[in-house]
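Reader: I have a chain on the screen and some questions about how it is put together. Please take them one at a time.

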Amino acid sequence: MNKVLFFTFLILLSCSDLQKETQQAKIQKLQSELSMNQATFEREFIDTIHDMKYNAGELERSIKFHYHSDTIDLELGRKVDTYKRMRRLLDALGRTGVMLKKSFEEEEMQLRGLLSDVENGYGQRDQYDNYINLESKKNEQISVLLQDYERLKISSFGIYDSLHVDLSRFVKQMIEKE
């Protein structure tokens, strides 16, 4: 009878180890995905957003101050409107960047703690799979946020590159005429 109990205990213990290894592999995969996303973000991160917003605001103020005309140039109006939209995109880009930085730090800490818990058998073992699923969903949300950041960056930089030089030249010409 003791041998049967011993073998039953041994089988349960070995099944637990298999589940533990599977859970550890899932967590390590999540950590790897998070690291790849973080590396992408660090490559894409723009630290000059504040300067670009400042330059855009100054250019808009210069246009308002120096542009005096009885009629409104429709093309110029469209350019200025698009340029203002770009400045708002830069605000959203900055907020998204801050959210991503914070999300990466928090998720990295959560995954490290979860892996430690699984390795050492701390906490509620029957809930580990639920915790892993939750962290997987958080990783997916971070990926979506990163894609949004990249989309905002492409959109705002495209507008900035295409209009900033033209509008700066226009302001310079207006100043020279005065």
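Reader: What percentage of the residues in the chain is buried?

Author: This is a predicted model, in which local features need pLDDT of at least 70, side-chain atom pairs count only at pLDDT 80 or more, and totals for chains, interfaces and linings use all residues. Residues are numbered from 1 along each chain as its sequence is written, and side-chain values use heavy atoms, with hydrogens and water left out. Buried means under 20% relative accessible area, exposed over 50%, and partly exposed in between, with a 1.4 Å probe and protein chains only. Of the 178 residues in the chain, the buried share is 30%.

Reader: Which pattern does the chain follow along the sequence?

Author: Helices (H or I, at least four residues) and strands (E, at least two) are DSSP runs, numbered from the N terminus. The chain has 4 helices and 0 strands. Read along the sequence, the pattern is α-α-α-α.

Reader: Among contacts between residues at least 6 apart in sequence, what percentage joins residues at least 24 apart?

Author: A contact here means heavy atoms within 4.5 Å. Among contacts in the chain between residues at least 6 apart, the share joining residues at least 24 apart is 91%.

Reader: How many residues apart in sequence are the parts that Phe 41 and Phe 104 tie together?

Author: Rings of Phe, Tyr and Trp (its six-membered ring) pair if their centres lie within 6.5 Å; planes under 30 degrees apart count as stacked, over 60 as edge-to-face and the rest as tilted. By this rule there are 5 aromatic pairs. Phe 41 and Phe 104 form a tilted one, at 5.7 Å centre to centre and 40 degrees between the planes. Phe 41 lies in helix 1 (residues 2–44) and Phe 104 in helix 3 (residues 74–120), so the parts tied together are apart by 63 residues.

Reader: Why is the pair of Phe 41 and Tyr 149 given its class, and which class is that?

Author: Phe 41 and Tyr 149 are both buried. Their ring centres are 5.3 Å apart and their planes at 65 degrees, so the pair is edge-to-face.

Reader: Which residues do ring pairs link into a cluster with Phe 41?

Author: Phe 41 in helix 1 is paired with Tyr 149 in helix 4 (residues 128–177), 108 residues away. Together with Phe 41, the cluster holds Phe 45, Phe 104 and Tyr 149.

Reader: Which residues is Ser 156 in contact with, leaving aside neighbours within four places in sequence?

Author: Ser 156 lies in helix 4 and is buried, with a relative accessible area of 0%. Beyond those neighbours, Ser 156 is in contact with Met 86, Leu 89, Leu 90 and Leu 93.
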